[in-house]
Amino acid sequence: MKKVLCIGATGRMGGSVAKSLVIHTSDVEVIVAGRRREHGESYARQLGPRASFRQVDIHDPPQLASAVEDVDLVFNSAGPFQMGQTVVQKAALAAGAHYVDIADDIHFAREEKALSAEFEAKGLSAMVNGGIFPGYSNIMAGELIERGGGARNVEFNYFIAGTGGAGPTVMSSTFLLTGVPAIEYVDGQPVERRAFTGRNQVDFMEPVGNKATFYLELPEAHSCFDTYGVPNIYARFGTAPEASNLATYLTGVLAPQSLLRDTERVAGFVEKCMPWLRFMDKLVGENLAMRVDVEGNDGVKRSMQYFNPSCIG
């Protein structure tokens, strides 16, 4: 039986992956891994006899190395990935395990891709940025670009109501990105934009409808440029309630950069806000919507959309 170590599975995103593996496979042993022993052991019991728990703090190198030494695949959802280090991927490589993550930060992804040759030399696979976006959204863009024989313009637009059901991780990532310039490609050149500016009204599929989106530094703008050489690309993101977009913009303007680059302090701040955020989720829901628009080299404009009631599941 193959062993899959799900790091971050005591959280909502990683936990949903662990549950899906138990439901949709019959020959996989699922190891729920995280820092919270009581919660992790309880969740593993809920998943059934093919699940177990290992306590793992990714910032404890000996504990991390011990956790990955006998597994076939490491799945990493221990975000936020902004300002993060590739310790989990390196531990998987050292242990001879395949690797998948749901990272959403371009700098993190580039550090991981630098290890490609080492994974290949060991006959191992590694898939980075494999979440809903930029993972699935990049697939959408690639399909549309190839239909058009290449592309002149690509537009990525995303909407998540509240926390999207993902808990504190998505909020921490958003706050960390408010202090980072968003890169838009214009005529093949990277142009910096302030995060949460450049308001754009987008018609998402129902039940989301028309929503505002704003510049945010997201990996797909870069990966689309690097892979397909599209000269004009932007990525924008918006949330509900509408006031949250303004509040996030003001955070990026007024908060000290030292705070916005400190993952622990941001995570602590978000954790204190969670009672309010959970209340807001009840009011605005957890809807996730994506829209990718492409103008192909054949002159045809094509779009593809996606909706899910939550970031989870």
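The paragraphs below lead through a predicted model, from an open sheet and its helices to a well-covered strand, a few single residues and the salt bridges. Because this is a predicted model, local features need pLDDT of at least 70 and side-chain atom pairs count only at pLDDT 80 or more, while totals for chains, interfaces and linings use all residues. Residues are numbered from 1 along each chain as its sequence is written, and side-chain values use heavy atoms, with hydrogens and water left out.

Helices and strands are named here as DSSP runs, numbered from the N terminus, with helices (H or I) of at least four residues and strands (E) of at least two. Six strands form an open sheet with parallel pairing, in the order β3-β2-β1-β4-β5-β6, where two strands count as paired if DSSP finds at least two bridges between them. The edges of this sheet are β3 (51–55) and β6 (126–127), each of which pairs on one side only. Strand β5 (residues 98–101) pairs in the parallel sense with β6 over two bridges; Y99 stands opposite A126, and V100 has M127 as its bridge partner. Four bridges join β4 to β5, also running parallel, and here N76 is the bridge partner of D101 in β5.

Helix α4 (residues 87–95) lies across β1 (2–7), β4 (73–76), β5 and β6, and runs at about 165 degrees to β5; such angles run from 0 to 180 degrees between N-to-C directions, with axes fitted as lines to C-alpha atoms, for helices over the stretch in contact. Within α4, the residues V88, Q89, A91, A92 and L93 are buried, where buried means under 20% relative accessible area, exposed over 50%, and partly exposed in between (1.4 Å probe, protein chains only). After α4 comes G96, whose phi is positive, near 75 degrees.

Strand β7 (residues 151–161) pairs with β12 in the parallel sense over nine bridges, one of the partnered pairs being A161 and A240. By contrast, β11 pairs with β12 in the antiparallel sense over two bridges, and Y215 stands opposite R236.

Although P241 and M280 are 39 residues apart in sequence, their C-alpha atoms are 7.9 Å apart in space. Not counting residues up to four places away in sequence, P241 touches M280 and V284, contact meaning heavy atoms within 4.5 Å. In helix α10 itself, T248 is buried, with a relative accessible area of 7%, and its side chain reaches the backbone oxygen of S244 at 2.7 Å.

E217 is placed in the loop between β11 (210–215) and α9 (219–228). This residue is buried yet has no salt bridge, and the nearest side chain of opposite charge, R110, is 6.6 Å away; a salt bridge here is a side-chain nitrogen of Lys or Arg within 4 Å of a carboxyl oxygen of Asp or Glu. Lys and Arg count as positive and Asp and Glu as negative, whereas His and the chain ends are not counted. The side chain of E217 does make a polar contact of 2.9 Å with that of H222, and one of its polar atoms lies 3.0 Å from the backbone nitrogen of I183. A polar contact is a pair of N or O atoms within 3.5 Å; within protein, one must be able to donate a hydrogen and the other to accept it, and residues adjacent in sequence count only if both atoms are side-chain atoms.

A search of the whole structure finds 10 salt bridges. Among them, D70 and K3 meet at 3.1 Å, N to O; D70 lies in the loop between α3 (61–68) and β4 and K3 in strand β1, so the pair ties together parts that are 67 residues apart in sequence.
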